[in-house]
Every structure is written in C-alpha cells, then in structure tokens.
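Work through the exercises below with the sequence and the 3D structure at hand. Each task is followed by a solution in steps.

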Amino acid sequence: MMTAMGERFLPVDLDPDLPAFARRPAGFANGPGHIVVYGNPAFRAMFGNAAVGLPARESMLDLPAAAFALLDAVLSDGRPLARWVERPDGTWRLTAVPRRDPETGDVYGVAFHLRARSDLPILAPDESPPSAPR
C-alpha cells in the first residue's frame, strides 16, 4: 500500500475487476504551474482527492521530473506528446495533449492520462490485437 497526500490507496492497476478505462488516471491541468482542475476517480485514487486544486509538481509526487518536462513541452509547443515514466508501482505511459481556447486557439492547459505498461489497450469488440512483428 502506498500513500498520496496523506491518504492510503492501492495502485489502481491491481484491481482486475475494474474496466481498463477506470484503471487509467486522467486529468486536466491549467497554466504553466499545471494546476490540476480535474482528476477522474482513478487519478484521485492514485494521487489523493487533495491533488485536485494543487500544482501537479506538488501533488503528483511520485512522478519523475521527466513527466513534468513533458507537460511543460505540451503547454509551450501546443502538440501532443507521450513517454514512459517510472513510478514506485511500475512503468506507466504518460500521454498529454494541449487544451486550447476554442475562440483564440491559444493553449491554456493540458489534458493527460496514465496507462500502466501491464494494461492492454482498449479495443472495439470486433478488433483483435495486432500480431507481433516477426
């Protein structure tokens, strides 16, 4: 069991009864300080309810500096980026996309989500996973 913001939690990817999307922490952050303005239930389970309303660097403490460099790059460059990051509970894929003002097109924040390496991608019922290259 780990702690976040003083709360105890189990890593979300350990519960096989949750659908894949519910195991993927996601949120929205605004401005250069990446103030977290929304976190889905998986985000709040991983980082604590108190993480919403705080700068990401102060609330998402077990993410490496490279994760915040990615958020900075998405905010400044205005293009989506992703990378693998290490947390105490394993390797996670961090994906972030810019949030744009619909009238001006200015980037004002980022939307992000994490997917555990062990979490398989979500496929439509008629799709099958791609075969491994030979």
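A residue is called buried if its relative accessible area is under 20%, exposed if it is over 50%, and partly exposed in between. The model is a predicted one.

**Exercise 1. Overall make-up**

Task: State what share of the residues is buried, how many helices and strands the chain has, and in which order the elements run.

Solution. 
- Step 1. The chain has 134 residues, and 37% of them count as buried.
- Step 2. There are 3 helices and 7 strands in the chain.
- Step 3. Read from the N terminus, the order is β-β-β-β-α-α-α-β-β-β.
- Step 4. The accessible surface of the chain comes to about 7,700 Å², with carbon and sulfur atoms supplying 57% of it.
- Step 5. Take the contacts between residues at least 6 apart in sequence: 44% of them join residues at least 24 apart.

**Exercise 2. Aromatic rings**

Task: Find how many aromatic pairs the structure holds, and classify the pair formed by Phe43 and Phe47.

Solution. 
- Step 1. Searching the whole structure gives 3 aromatic pairs.
- Step 2. In the pair of Phe43 and Phe47, the ring centres are 5.0 Å apart and the planes make an angle of 45°. Planes under 30 degrees apart would count as stacked and those over 60 as edge-to-face, and the pair is tilted.
- Step 3. Both residues belong to helix H1 (residues 41–47), where a spacing of 4 residues is about one turn of the helix.
- Step 4. Phe43 is buried because its relative accessibility is 0%. Phe47 is buried too, at 1%.
- Step 5. Ring pairs join Phe43, Phe47 and Phe112 in a cluster.

**Exercise 3. Arginines and rings**

Task: Identify the ring under Arg99 and the ring under the charged end of Arg117, then describe the surroundings of Arg115.

Solution. 
- Step 1. Arg99 lies over the face of Phe28, 4.0 Å from the ring centre.
- Step 2. For Arg117, the charged end sits over the ring of Trp84, at 4.0 Å from its centre.
- Step 3. Arg115 is part of strand E7 (residues 107–116). With a relative accessibility of 18%, Arg115 counts as buried, the limit being under 20%.
- Step 4. Beyond its neighbours within four places in sequence, Arg115 contacts Arg24, Trp84, Thr91, Trp92 and Arg93.

**Exercise 4. Salt bridges**

Solution. 
- Step 1. The structure has 3 salt bridges.
- Step 2. One of them joins the side chains of Asp72 and Arg57, with N to O at 2.6 Å. Asp72 is in helix H3 (residues 65–77) and Arg57 in helix H2, so that this pair links distant parts of the chain, 15 residues apart.- Step 3. Asp72 is partly exposed at 30% relative accessibility, and Arg57 is partly exposed at 39%.
- Step 3. A salt bridge also joins the side chains of Arg87 and Asp62 (2.6 Å, N to O). Arg87 is in strand E5 (residues 81–87) and Asp62 in the loop between H2 and H3, so the pair ties together parts 25 residues apart in sequence.
- Step 4. Arg87 counts as buried, at 5% relative accessibility, whereas Asp62 is partly exposed, at 21%.
- Step 5. Arg87 also forms a salt bridge with Asp89, where the closest N and O atoms are 2.9 Å apart.

**Exercise 5. A nonpolar surface patch**

Task: List the residues of the nonpolar patch and name the element that gives the most to it.

Solution. 
- Step 1. The patch on the surface consists of Phe28, Ile35, Val37 and Tyr38, which together have about 320 Å² of accessible area.
- Step 2. Strand E4 (residues 35–39) gives the most, with 3 residues.
- Step 3. Val37 is located in strand E4. Its relative accessible area is 42%, so Val37 is partly exposed.

**Exercise 6. The surroundings of Ala56**

Task: Is Ala56 buried or exposed, and which residues does Ala56 contact?

Solution. 
- Step 1. Ala56 is found in helix H2 (residues 56–59).
- Step 2. The relative accessibility of Ala56 is 1%, so Ala56 counts as buried.
- Step 3. Leaving out neighbours within four places in sequence, the contacts of Ala56 are Gly33, His34, Val36 and Phe68.
- Step 4. Gly33 is 23 residues from Ala56 along the chain, and their C-alpha atoms are separated by 7.4 Å.

How values were computed: Residues are numbered from 1 along each chain as its sequence is written. This is a predicted model: local features need pLDDT of at least 70, side-chain atom pairs count only at pLDDT 80 or more; totals for chains, interfaces and linings use all residues. Side-chain values use heavy atoms; hydrogens and water are left out. Rings of Phe, Tyr and Trp (its six-membered ring) pair if their centres lie within 6.5 Å; planes under 30 degrees apart count as stacked, over 60 as edge-to-face and the rest as tilted. Helices (H or I, at least four residues) and strands (E, at least two) are DSSP runs, numbered from the N terminus. Buried means under 20% relative accessible area, exposed over 50%, partly exposed in between (1.4 Å probe, protein chains only). A charge sits over a ring if NZ of Lys or CZ of Arg is within 6 Å of the ring centre and within 35 degrees of the ring normal. Contact means heavy atoms within 4.5 Å. Patches are made of residues with over 30% relative accessible area and no salt bridge: like charges are joined within 9 Å, nonpolar side chains (Val, Leu, Ile, Met, Phe, Trp, Tyr) within 5 Å. Accessible areas come from the Shrake-Rupley method with a 1.4 Å probe; for residues, only the protein chains shown count as cover. A salt bridge is a side-chain nitrogen of Lys or Arg within 4 Å of a carboxyl oxygen of Asp or Glu.
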